[in-house]
Amino acid sequence: MRKYVHGLLLTLGLALTAQVLARVPVLSIVGPLVIAILLGMAWRAARGVTAGAVPGIDFSGRILLRTGIVLLGMRLHLGDIVQAGAGSVAIALADIVFGLLVVYGLCRWLGVEARIGMLTACGTAICGAAAVGAIGSQINAREEEVAVSTGIVALLGTGFTVVYTLVYPFLGLSSELYGLFSGATLHEIAHVLAAAAPAGSAALDVAVVAKLTRVALLVPVALLIGWWAARQERGEQGEEWKKVTLPWFLFGFLAASGVHSLGIVPADWADRLVRLAYLLMAMAMAGLGLNADPGAFRRHGTRALTAGLAGSALLSLFGYGLVRLLAYIH
């Protein structure tokens, strides 16, 4: 265990610093996970990474990330999703499918490497950095690919959050429908909260439920992408499922959300576990940043960012159209 101490303390220090910086009004839109990656990259550039820190850094990037995703399930109450109604769930599902197909398709059209394209698409369509980390395990993505995709999704999500707050008065949506629009199309939970806040508490409540509905769909999407990745690797019909890795941490995420939904864990303890989840994931992101090659952004980032930007804009337009359709039907 001693060999992990140096690296764990380093990622913990960077994660705690990221959480403090995330309380700054402007930086709160970015969120602690992305700040942690940037701090890790800055540390690597300024100080380097010693050999003694590598085991702990790798442990943070792999084990702590998965543990954090499991604990994040304590934020998801399945009853809220059921109560939101079929329309809200259908919009969330449609946005995920649309986002995945469009962003990945644009990435491949622009010549972006397949794994970065898939990670960028998943981060955009589902739930930002958490989705990138979870899907990265399913497709055997390299750490630099996860870091590049996370950075792209964070940049896009932050930009679109600002745009949403500026255009909200002109969208012609009620506060609840605007909350649904924000929760169904924006990238990170932090982005959703920041964008929905100007519309009031009713918008915030709807936005969080819509966002968590997308989070809940991470598990089936990850399994399907694992099957797809195995099929691409083998190139054979009928053998793909044998290569799919069953993601224990995603099933743990579902189990945690089930425990939370049944009220087994008191609300204050559930909140503490969610805070711990974000700390562990911030440590994981710091570890990814410490291992990331800055040159990877120059090699892969520009075209992926262009594809993500176009895909995110199309997702916003698509989601807006669905919300207006829902309002018309009701």
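So, the largest pocket: its volume is about 470 Å³. A quick word on terms, using a 1 Å grid over the protein atoms alone: a pocket is an open set of points with protein on both sides within 12 Å along at least five of seven lines, while a cavity is a set of points where a 1.4 Å probe fits but cannot get out. Lining residues have an atom within 4 Å of a point. Grid points are joined across faces, edges and corners, and a volume is the space filled by probe spheres set on the points.

Now, this is a predicted model, so local features need pLDDT of at least 70 and side-chain atom pairs count only at pLDDT 80 or more, while totals for chains, interfaces and linings use all residues. Residues are numbered from 1 along each chain as its sequence is written, and side-chain values use heavy atoms, with hydrogens and water left out.

Back to the pocket, which is about 470 Å³. It has 16 lining residues, and the closest to its centre are Gly31, Pro32, Arg75, Ala190 and Tyr278. Two or more residues of that lining come from each of α2, α9 (189-196) and α13. Those labels come from DSSP runs, numbered from the N terminus: helices are H or I with at least four residues, and strands are E with at least two. By class, the pocket lining has 9 nonpolar, 3 polar and 4 charged residues. Here Ala, Val, Leu, Ile, Met, Phe, Trp, Tyr, Cys and Pro count as nonpolar, Asp, Glu, Lys and Arg as charged, and the others, Gly among them, as polar.

What about closed spaces? There is 1 cavity of 30 Å³ or more, and the largest cavity holds about 80 Å³ of space. Its lining is made by Leu33, Leu72, Cys127, Ala130, Glu188, Ile189, Lys211, Val215, Tyr278 and Met281. At least two of the lining residues come from each of α6 (114-138), α10 (201-216) and α13 (267-291). Sorted by class, that's 8 nonpolar, no polar and 2 charged residues.

Okay, helices. Let's take α2, residues 32-47: at 1.5 Å a residue its 16 residues should span 22 Å, and the end C-alpha atoms are 21 Å apart, which agrees. The expected span, by the way, is 1.5 Å times one less than the number of residues. Which residues of α2 are buried? They are Leu33, Val34, Ile35, Ala36, Ile37, Gly40 and Met41. Buried means under 20% relative accessible area, exposed means over 50%, and partly exposed is in between, with a 1.4 Å probe and protein chains only. Just after α2, Gly48 takes a positive phi of about 80°.

Helix α1 covers residues 2-21, and its 20 residues should span 28 Å at 1.5 Å a residue; the end C-alpha atoms are 29 Å apart, so that agrees too. Its buried residues are Gly7, Leu8, Leu10, Thr11, Leu14, Ala15 and Ala18. Among what covers them are α2, α3 (54-72) and α13, where contact means heavy atoms within 4.5 Å.

Then there's α8, residues 175-185. Of its 11 residues, 10 are buried, so this helix is largely enclosed by the rest of the structure. The buried ones include Leu177, Tyr178, Leu180 and Phe181.

Next up, charges. Side chains of opposite charge can pair when their charged atoms come close. A salt bridge here is a side-chain nitrogen of Lys or Arg within 4 Å of a carboxyl oxygen of Asp or Glu, and the count comes to 5. Glu113, Arg115, Arg142, Glu144 and Glu145 are linked in a network of them. Arg115 pairs with Glu113, with the closest N and O atoms 3.8 Å apart, and Glu145 pairs with Arg115 at 2.9 Å. Glu145 sits in helix α7 (residues 143-167) and Arg115 in helix α6, so this pair ties together parts that are 30 residues apart in sequence. Is Glu145 buried or exposed? Glu145 is buried, with a relative accessible area of 1%. Glu145 also forms a salt bridge with Arg142, closest N and O atoms 3.0 Å apart, and Arg142 is partly exposed at 39%.

Last one: Arg275, in helix α13, is exposed, with a relative accessible area of 53%.
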